[in-house]
Amino acid sequence: MARRISLTQYLVEQQREHGHIPAELRLLIEVVARACKTIAISVNKGALGEVLGSAHTENVQGEVQKKLDIISNEVLIEANEWGGHLAAMASEEMDSIHVVPNRYPQGEYLLLFDPLDGSSNIDVNVSIGTIFSVLRKVGHHRGVSEQDFLQAGRAQAAAGYCVYGPQTMLVLTVGEGVAMFTLDREMGSWVLTADQVQLPAETKEFAVNMSNMRHWAPPVKRYIDECLAGKEGPRGKDFNMRWVASMVADVHRILTRGGVFIYPWDKREPDKPGKLRLLYEANPMSFLIEQAGGMATNGSQRILDIVPTKLHERVSVMLGSKNEVERVTDYHREQA
Ligand code: P6P
């Protein structure tokens, strides 16, 4: 059996041998990975842990929070606020940023997360996940504010997710490719099971919520109609469709075997660019997809180039196999 490489060893090598990450960032990633193990334990208990169901509260998005949304958020806050590596955190579940309390030393990193993405799947035992993004606090000003978080996704120092599925897996990039770690539950350790992940430029699989089709803009309708037309249509090949309704699960499949994920603008809420959040969903996933050789746009520009104007900004998302994202993006440009 090949020698097992742990997350710690992988990160030490990234720090020492490649000089890609400073010790503080290594510590931050290890703390987040440990927090994800804690979340996995709660998620896996299900009804036995009395963690299912609604918390009967709403988040800033106006979405009803599940008990596990709040538990996961608290786990990440408590795990990360004392280490001295962070200045502040931002979460889908919190209206405003959480500044590291004065009783702890402040670091230079900013951590953003969707603590439990795909909450609608919790009670029906379908894969869900934690998404995280790491930014550096820019400038030498004292204190930290929401403005410090409003950086384009290309500035990310690291990004990743943990998927709580048949296996519990941590998928990570520090800007030097994508690595996948599988949780060895007996040892309680993350083991490197895939490195330098690359997704194919071509695919025959798309992920979109088809029930929204009548609300889409013409370029998205054209792209999906052509996929549905199959061999007899302009694409000359048949396509398959998958939609888990957990972005982490859909992106993990795409990183593993290719595909294209689309959550576009739709006319029901024309003032909203899309459903997904830019800072802690689209940006980390786009960083991973690009690091694996894929592409991520909002239909008109690279997602990682979008400069946010507010913390919970939403965005239209098309990401995955390069040739397919290029095609659907070209359809938008032709229409513009
Ligand atoms: P719909 C989960 O709530 C989420 O934010 C993403 O994880 C997922 O891709 C999307 O929303 C699912 O949305 O409208 O299909 O339920």
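Start with the lining of the largest pocket: its residues divide into eight nonpolar, six polar and 11 charged. Keep in mind that this is a predicted model.

**The pocket**

Stay with the largest pocket, which holds about 440 Å³ of space. In total, 25 residues line the largest pocket. Select Gly-118, Ser-119, Ser-120, Ala-245 and Lys-275; these lie closest to the pocket's centre.

Now colour by secondary structure. Which elements give two or more residues to the lining of the largest pocket? They are β2 (64-66), β5 (109-117), α5 (247-257), β13 and β14. Pick out β5 next. This strand provides the largest share of the lining, three residues.

**The ligand**

The ligand sits in the largest pocket.

**The contacts**

Begin at Tyr-263, where a polar side-chain atom lies 2.6 Å from a ligand oxygen. Move to Met-247. Here a polar backbone atom is 2.7 Å from an oxygen atom of the ligand. Finish at Lys-275, one of the residues closest to the pocket's centre. A polar side-chain atom of Lys-275 lies 3.0 Å from a ligand oxygen.

How much of the ligand's accessible area does the protein cover? On its own, the ligand has 400 Å² of accessible area, and the protein covers 83% of that.

Conventions:
Residues are numbered from 1 along each chain as its sequence is written. This is a predicted model: local features need pLDDT of at least 70, side-chain atom pairs count only at pLDDT 80 or more; totals for chains, interfaces and linings use all residues. Side-chain values use heavy atoms; hydrogens and water are left out. A polar contact is a pair of N or O atoms within 3.5 Å; within protein, one must be able to donate a hydrogen and the other to accept it, and residues adjacent in sequence count only if both atoms are side-chain atoms. Accessible areas come from the Shrake-Rupley method with a 1.4 Å probe; for residues, only the protein chains shown count as cover. On a 1 Å grid over the protein atoms alone, a cavity is a set of points where a 1.4 Å probe fits but cannot get out, and a pocket is an open set with protein on both sides within 12 Å along at least five of seven lines; lining residues have an atom within 4 Å of a point. A molecule sits in a cavity or pocket if more than half of its atoms lie within 2 Å of its grid points. Grid points are joined across faces, edges and corners, and a volume is the space filled by probe spheres set on the points. Helices (H or I, at least four residues) and strands (E, at least two) are DSSP runs, numbered from the N terminus. Ala, Val, Leu, Ile, Met, Phe, Trp, Tyr, Cys and Pro count as nonpolar, Asp, Glu, Lys and Arg as charged, and the others, Gly among them, as polar.
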